[in-house]
Amino acid sequence: MDIMSVFSIFNFLSPLNTPDKYPDALIMIDNRHNIIDWNRKTEEIFGRGKQELSGRNIAVILDVEPEKLYEAAESGELLVVESINKEEENIVVEISCVKSGKKLLITAREVTKKQKILEKLILEYEKSSRVSRNKNTFILGLSNDFKTPVHSLLGFSQGLLDGICGELNEKQTKYVSIMHKNANTLLDLLDDFFELSRLENEEETTDMKVFDLMGCVNELCEKTKLKAERKGLRFETDFVNPLRKNVYTDERYLAKILGIVLDNAINFTETGAIKLKVSHPDIDFVMKKGLNVPEGHTNKSFLVFNITDSGAGIAKDDIQGIFDEYSPANRNIAKKYGGTGLRLALAGKMVERLGGVIYAESEVGQGSVFSFIVPVERTRKVEDKEVVESETV
C-alpha cells in the first residue's frame, strides 16, 4: 500500500477504520495543525492514546515547526525530527508528508537506533580526521629535519664527483654516482610525501589564474621527449585543434599532474611510444564522469589530457584504487613495477583540488591510458548558481 492509497483511506474512512496494518505511524492534521486522525502504529511509537492525541497540536508528538511539514510536502523531502516516547525517552523519527487541500498526512518511522549509529560514525570520523590532521601537522613540522640531511648528501656527493677532494677512480665514481642518484630519488620522494600531507591537511592552496596553455604544455613535452629518447621510446603529441589559448586554473598543479602521469607512462614502458593528446571533451562525457557543469559552460570550458603508453599494462584487479595512496591496489602496482605509489595519489589529490577527475584504463599486455579532465574557465555565483564569467579567458 503506497502513501497515496493510505491518504485515500484517511479521506473516506472514519477514525475507527484507519489502516492499522500499515508499518509506519500515520497522522492526519488539519489546517490549524491539530491531530484529527491516526493509526495504531502512532500510539505504539509515541505511547499516547486517544485523549492525548485527538484535537491536540502536532507539536505534542513531533518537535518540528508546522511550516517545515508543509515545505516537506511541497518538496517531497524526508525530515528527521525528535520526539519523546511513552517511557519519556528521546526518540528520533523520519517523517514524510503529503498535502491534500487543507489537510496534511504525515508518515513517521522510528529511526533512533540508526540515528545513534550515524552519530557514532560521525564522532569517530571527526576524531579520525582530527588525529589525521594532527599527524600531518606533526609530519610537516619535520619536513626540514628530513630534507636537510638529504641535501647534504646531494651536495657532498656532487662535490666529490666534481673533484673537490681530488680525482676519483672508476670504482669510487660509480659508488658516489649511485649515492647521488639515490639521494635525488629520496628527495623527490620526500617532496611528494610532504606535498601529499599538505593537501590532506588542506594547508596547500591553489593559485588560480589565467595563463598560456601551450606554453605550459610545450615545456613539459620537451622534458618528456628527452626522458623518452634516453629510454629508446618515441614521444608523440596530438593537440586537437582548435584548443583555447588561455586557460584558468592552477598552472603549477596542472604542470605537476601532467608531469607525474607522463613520467609514470615512461616508467611503465620498455618499448614503443608514449602519446599525449589534449582536447576539449564533450559536455555529456564530462557529466558522465561525475563533474559539475555550471550553467553556460561548453566543451571549451574543460580540457581532457589522455596519456597512452605501450607498456605492460595493469591488471583489472590492480587498477581500482590506483590513485589512492592507502589502497592495496596502489601498493600492488608499486611492488610490481617499482616506485612508492605516492606520485599517482598526489596527482589524484591535485586533480580533485582543481575540481576535476582522473581515471585509467588498461589491459595486461596492451598498455594503458591515463586521463584527467579539469575545468579551465572562471565561474561566478549568481543566485546560488554557478555561471561562466562574462569576460571569457
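Where is His 33 found? His 33 sits in the loop between strand S1 (25-29) and strand S2 (35-38). Helices (H or I, at least four residues) and strands (E, at least two) are DSSP runs, numbered from the N terminus. The phi of His 33 is positive, about 70°, although His 33 is not a glycine. Most residues other than glycine have a negative phi, and most peptide bonds are trans.

The model is predicted: local features need pLDDT of at least 70, side-chain atom pairs count only at pLDDT 80 or more, and totals for chains, interfaces and linings use all residues. Residues are numbered from 1 along each chain as its sequence is written, and side-chain values use heavy atoms, with hydrogens and water left out.

Five strands form an open sheet in the order S7-S9-S10-S12-S11, with mixed pairing. Two strands pair if DSSP finds at least two bridges between them. Strand S7 (234-239) and strand S11 (357-362) stand at the edges with a single partner strand each, so one side of each is left without a neighbour in the sheet. Neighbouring strands are turned by 15° against each other on average, direction ignored. S11 and strand S12 (residues 368-375) pair in the antiparallel sense over six bridges. Ser 362 stands opposite Ser 368 in S12.

Helix H9 (residues 251-268) packs on the sheet and touches S7, S9, S10, S11 and S12. Contact means heavy atoms within 4.5 Å. The direction of H9 makes about 15° with that of S10. Axes are lines fitted to C-alpha atoms, for helices over the stretch in contact, and angles run from 0 to 180 degrees between N-to-C directions. Helix H8 (residues 213-230) lies across S7, strand S9 (273-279) and strand S10 (302-309). H8 runs at about 160° to S7.

Several residues of H8 are buried (under 20% relative accessible area, with exposed over 50% and partly exposed in between; 1.4 Å probe, protein chains only). Among them are Leu 213, Val 217, Leu 220 and Ala 228. The buried residues fall within an arc of 125° seen down the axis of H8, so they line one face of the helix. The arc is that of the directions from the helix axis to the C-beta atoms. Exposed Glu 222 and Arg 230 lie on the face of H8 turned away from its buried side. Just after H8, Gly 232 takes a positive phi of about 80°.

Pro 242 lies in the loop between S7 and S8. A cis peptide bond joins Asn 241 and Pro 242, with omega about 0°.
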